Amino acid sequence: MSNWWQRRSLKLRLTLWHAAATVVVLAGFAFVVYEVVEHRLAAELDRQLRIDFDLVEAQLDTDATGKIRWQVQGAHGDEGFARLSAWFEVWAEDGQILLRHWPVRETEIKRPLAAPLQSTLRFYTVELEGGFHVRLMERPARVRDRGVIVRVFRDESDMRHTLQEIVEVSLLAAPVAVFLASLGGYFVARRSLRPIAAMAEHAKRISSESLSERLPISNPHDEVGQLAGVFNQTFQRLERSFAELKRFTADASHELRTPLTALRAVGEVALREADHPAISSMLEEAERLQDLIEALLTLARMESGKVAVRLERLHVVEVLQDVRDSLHVLATEKQQTVEISDHDSPTATADRLLLRQALLNIVHNAVRYAPPRTRIMLGAARRGGEIVVAVADEGPGVAPEHQGKIFERFYRVDKARARAEGGHGLGLAIARWAVERQNGRIEIESEPGKGSVFRVVLPP
Ligand code: ADP
């Protein structure tokens, strides 16, 4: 149940709460109305019983033999009425019935009621045959010095009928009330949750790229406005720490660059003087460090938004040739052949430098990860209104579970191997950023053990 409840939307839960609260309030209200009406009707009945009692008592008398009799004094022409409606019994104190006047029901009621138990004033209700209820009043009285107990009766049917009607009306009205309460609850919930939904929608759009955006606050005093305020403060803190992080990366890379260049220069001089393996391995490490610093600087520059994008229509094959030339030495070292299929030479709308950077990283990876004496195929073609630049290698491939992650920063599939081969895990992150800035995207298709195809898709 709690699981079911938690999986429902807040809107539905509020609606159900509202409906449940309405049911409880209505039930409480109906109960109070019932109790008040019952109390009033019963009090009225008892008041009438007292009047009946006084009337009957005044009209009781004894005859010459001492027997109790009822003497109707119809002074105002109500004799007939009194005979018809007066309903009473007179009992001796020892529990013997002295007189019984049951004008209407005498024949219907076969089992007489028991004798009164106490000789004090008492009101109560009894059920006669056939579910018929009567209210009784008993009280000691005196008839010419003789102590008796008089018991007067009143039909309770009317009162019960009224109460029954209250119950029926309540039961009939309940479903309608619940329905209306749910409807009202739904509209109230929807209205009050709408700003929260809008806020969530807006907050979703604020990403690490647009952290300077803020949620609109329509009323800073209500709960929704306060929530938006808290969100905005969090965004502000995030923005600040992102900015600090970026600045730190940029500053640190920058600061490291100069001493590293000096270190390399010293190393090269030393190597020229004495060809020691320790010096060349130090130089290799320094070179790796420099690559990392360059990559970090590129990332920092990208994120600072300072990299200008100049889109132009260019022949993609020209860029591919440029990339091949840049990597010629590396590929030749590994006896790899880099081929460009130039039977198709489409133009794309792109930034020459950014596209070169992206393709350089991708082709560099192909050279790096594919074994010696393999082929690397480069090509560009038009496909369904887009320009697809493909880089295919015969390397180890990328397993499906890594394919989505290799574009993240510092993500390397095989850390030991990647380190030996000189990767830092930043190349594809830079490539993706560069391609996306040109309104393009990168796709990968790879079968482990067979090779990979990286595709840069650009607008025509
Ligand atoms: P790195 O500098 O380590 O190459 P990248 O971001 O360029 O970083 O690549 C991330 C990871 O993706 C690499 O460490 C490597 O495991 C994998 N990868 C990239 N390109 C290829 C490829 N052509 N063949 C096989 N694996 C690749």
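These points cover charged pairs and aromatic ring pairs in a predicted model.

1. Side chains of opposite charge can pair when their charged atoms come close. In this model, 23 salt bridges are found.

2. Arg151 and Glu89 form a salt bridge, with 2.6 Å between the closest N and O atoms. Arg151 belongs to strand E7 (residues 146–155) and Glu89 to strand E3 (residues 88–92), so this pair ties together parts of the chain 62 residues apart in sequence. Arg151 counts as buried, at 1% relative accessibility. Glu89 is buried too, with a relative accessible area of 0%.

3. Glu201 makes a salt bridge with Lys204, and the closest N and O atoms are 3.6 Å apart. The two residues are 3 apart in helix H4 (residues 157–205), which means that about one helical turn separates Glu201 from Lys204. Glu201 is partly exposed, with a relative accessible area of 42%. Lys204 counts as exposed, at 64% relative accessibility.

4. Arg441 and Glu443 also meet through their side chains in a salt bridge, at 3.1 Å from N to O. Glu443 is partly exposed at 25% relative accessibility, and Arg441 is partly exposed with a relative accessible area of 34%.

5. Turning to the rings, the count is 7 aromatic pairs. In one of these, Trp70 and Phe88 have ring centres 5.1 Å apart and planes at 70°; the pair is edge-to-face because angles over 60 degrees count as such. Trp70 lies in strand E2 (residues 68–70) and Phe88 in strand E3, 18 residues apart, and the pair links distant parts of the chain. Trp70 is buried, with a relative accessible area of 13%, and Phe88 is buried with 0%.

6. The rings of Trp87 and Phe153 have centres 5.2 Å apart and planes at 15°, so this pair is stacked. Trp87 sits in the loop between helix H3 (79–85) and E3, while Phe153 is in strand E7, so the pair ties together parts 66 residues apart in sequence. Trp87 counts as buried at 10% relative accessibility. Phe153 is buried, with a relative accessible area of 2%.

7. A cluster of rings is also present: ring pairs link Trp4, Trp5 and Trp17.

Terms used: Residues numbered from 1 in each chain as written. Predicted model: local features only at pLDDT ≥ 70, side-chain atom pairs only at ≥ 80, totals over all residues. Heavy atoms only, no water. Salt bridge = Lys/Arg side-chain N within 4 Å of Asp/Glu carboxyl O. Helix = DSSP H or I, 4+ residues; strand = E, 2+ residues; numbered from the N terminus. Buried < 20%, exposed > 50% of the residue type's maximum accessible area, 1.4 Å probe, protein only. Phe/Tyr/Trp six-rings, centres within 6.5 Å; stacked < 30°, edge-to-face > 60°.
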